[in-house]
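The structure shown is a predicted model.

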Amino acid sequence: MTSQVWTPTRWARNGDVRLAHDAWIGASEGEPLLLIMGLGVNRAWWPDGLCRLLAERGFAVARYDQRDSGESTHLPPTRTRTPVTALLAKRGEAYTAEDTADDAVAVMDALGWEWAHLLGVSLGGAVAQRVAVRHPDRVRTLTTACAVPGDARGLRTLRYVNISSVARLSRMSFPDTREGAIRAGLAVARFCAGPVEAFDEEEALARAEALADEGTRDTRAQSRQIGAQWHGPPISEVTAPTLVLHGTDDPLIRPRAAAAIASRIRGARLVALPGVGHEIPPRTWSTVAGEVRVLVDTAPPR
């Protein structure tokens with residue numbers, strides 16, 4: 001989905017991979033802020049309301065589709081069919097986690113940004129951590145939300161992931177049609193919602209209809225994303241000022257993951273979001289935008 005508040009789709013390239021991205025209109029003079037979305041879903045899953053608040057707080061906001069999602073390049077199938085298999089058996093590695101970190105830098109290059117603040121959610125949070133380790137000179141601050149430590153691999157990840165929830169998501173089956181994509185998007189939204197939120201079925205359905213693509217039901221693409229293993233340094237080598245956000249009622253990633261990230265990155269600040277699930281719901285948008293602004297304002301000069 002592309003609305004009038006976003007520029008037309010632009011393209012970055014990392015080798016043979018093309019990366020679709022766009023930017024919030026009218027905020028080009030702000031400080032660069034790159035948004036990285038999570039497993040499978042496209043960049044339009046970032047709420048416009050949150051992006052508007054970030055732009056109002058002085059950021060030039062851009063977002064992109066990770067490889068194997070949205071309009072970006074989808075890689076050839078591997079043997080692994082489900083994220084659970086990719087996570088536990090370490091199969092289906094079509095590319096490395098270093099490749100996905102380099103994708104973010106390729107988008108920054110295409111935008112003409114020498115550096116950026118990063119905000120990643122879920123898998124996007126892990127990717128953001130890896131960018132900060134691999135390309136420290138390109139990352140001014142790091143905000144990671146609903147994520148596991150970026151250097152967790154294979155069975156070590158089980159300390160942080162609710163594997164039964166991953167399995168439940170993987171077992172969902174929907175027709176290979178637009179209607180199937182809508183049903184899948186609605187099911188994912190319902191699953192991610194925290195227990196405090198009154199789930200708005202009508203709003204969630206409208207959002208699923210607007211964002212319908214194959215990402216929420218393409219378990220093979222999700223497997224390739226999860227199967228991308230990190231071979232680089234530990235996240236303890238992150239030097240960028242860091243903010244860690246996590247919902248206290250996240251059904252997919254345990255809050256201990258956020259505690260682990262915050263304890264291993266020097267000076268990182270952990271902010272718990274009470275009653276929040278695996279999402280950034282509207283009632284938290286002002287808090288999130290404000291916390292990112294505080295992180296940036298208190299960061300030491302480059």
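## Helix pair α3 and α4

At what angle do the axes of α3 and helix α4 cross, and within what distance do they come? In this predicted model, the axis of α3 and that of α4 (residues 123-134) cross at roughly 80° and come within 9 Å. Crossing angles of 65 to 115 degrees count as roughly perpendicular, so α3 is roughly perpendicular to α4.

On the α3 side, the contact is made by Ala97, Glu98, Thr100, Ala101, Asp102, Ala104 and Val105. These meet Val127, Arg130, Val131 and Arg134 of α4. By class, the residues of this contact between α3 and α4 are six nonpolar, four charged and one polar.

## The sheet

The sheet is open and contains eight strands, with mixed pairing. Their order across the sheet is β1-β2-β4-β3-β5-β6-β7-β8. Strands β1 (10-14) and β8 (269-273) are the edges, each pairing on one side only. On average, and with direction ignored, neighbouring strands of this sheet are turned by 25° against each other.

One of the pairings joins β2 (residues 17-23) to β4 (residues 59-64). This pairing is antiparallel and runs over three bridges. Within β4, Tyr64 is the residue that stands opposite His21.

## Helices on the sheet

Helix α3 (residues 97-111), besides meeting α4, packs on the sheet. The strands touched by α3 are β1, β2, β3 (31-36), β4 and β5 (116-121). The direction of α3 makes about 135° with that of β1.

## Second largest pocket

The second largest pocket has a volume of about 170 Å³. Its lining consists of 13 residues, and the closest to the pocket centre are Arg10, Ala23, Ser28, Ala60 and Trp113. Eight residues of this lining are nonpolar, four are polar and one is charged.

## Cavities

How many cavities of 30 Å³ or more does a search of the whole structure find? The search finds two. The largest cavity holds about 50 Å³ of space and is lined by Gln66, Tyr95, Thr100, Leu123, Val127, Arg130, Gln225 and Ala228. Helix α4 supplies the largest share of this lining, with three residues. Thr100, Val127 and Arg130 also belong to the contact between α3 and α4. The lining of the largest cavity comprises four nonpolar residues, three polar residues and one charged residue.

The second largest cavity has a volume of about 30 Å³. Around the second largest cavity lie Trp45, Ala181, Gly185, Ala208, Leu211, Ala212, Asp213 and Thr216. Five residues of that lining are nonpolar, two are polar and one is charged.

Definitions and conventions: Residues are numbered from 1 along each chain as its sequence is written. This is a predicted model: local features need pLDDT of at least 70, side-chain atom pairs count only at pLDDT 80 or more; totals for chains, interfaces and linings use all residues. Side-chain values use heavy atoms; hydrogens and water are left out. Two strands pair if DSSP finds at least two bridges between them. Helices (H or I, at least four residues) and strands (E, at least two) are DSSP runs, numbered from the N terminus. Axes are lines fitted to C-alpha atoms, for helices over the stretch in contact, and angles run from 0 to 180 degrees between N-to-C directions. Contact means heavy atoms within 4.5 Å. Angles under 35 degrees count as roughly parallel, over 145 as roughly antiparallel, 65 to 115 as roughly perpendicular and the rest as oblique. Ala, Val, Leu, Ile, Met, Phe, Trp, Tyr, Cys and Pro count as nonpolar, Asp, Glu, Lys and Arg as charged, and the others, Gly among them, as polar. On a 1 Å grid over the protein atoms alone, a cavity is a set of points where a 1.4 Å probe fits but cannot get out, and a pocket is an open set with protein on both sides within 12 Å along at least five of seven lines; lining residues have an atom within 4 Å of a point. Grid points are joined across faces, edges and corners, and a volume is the space filled by probe spheres set on the points.
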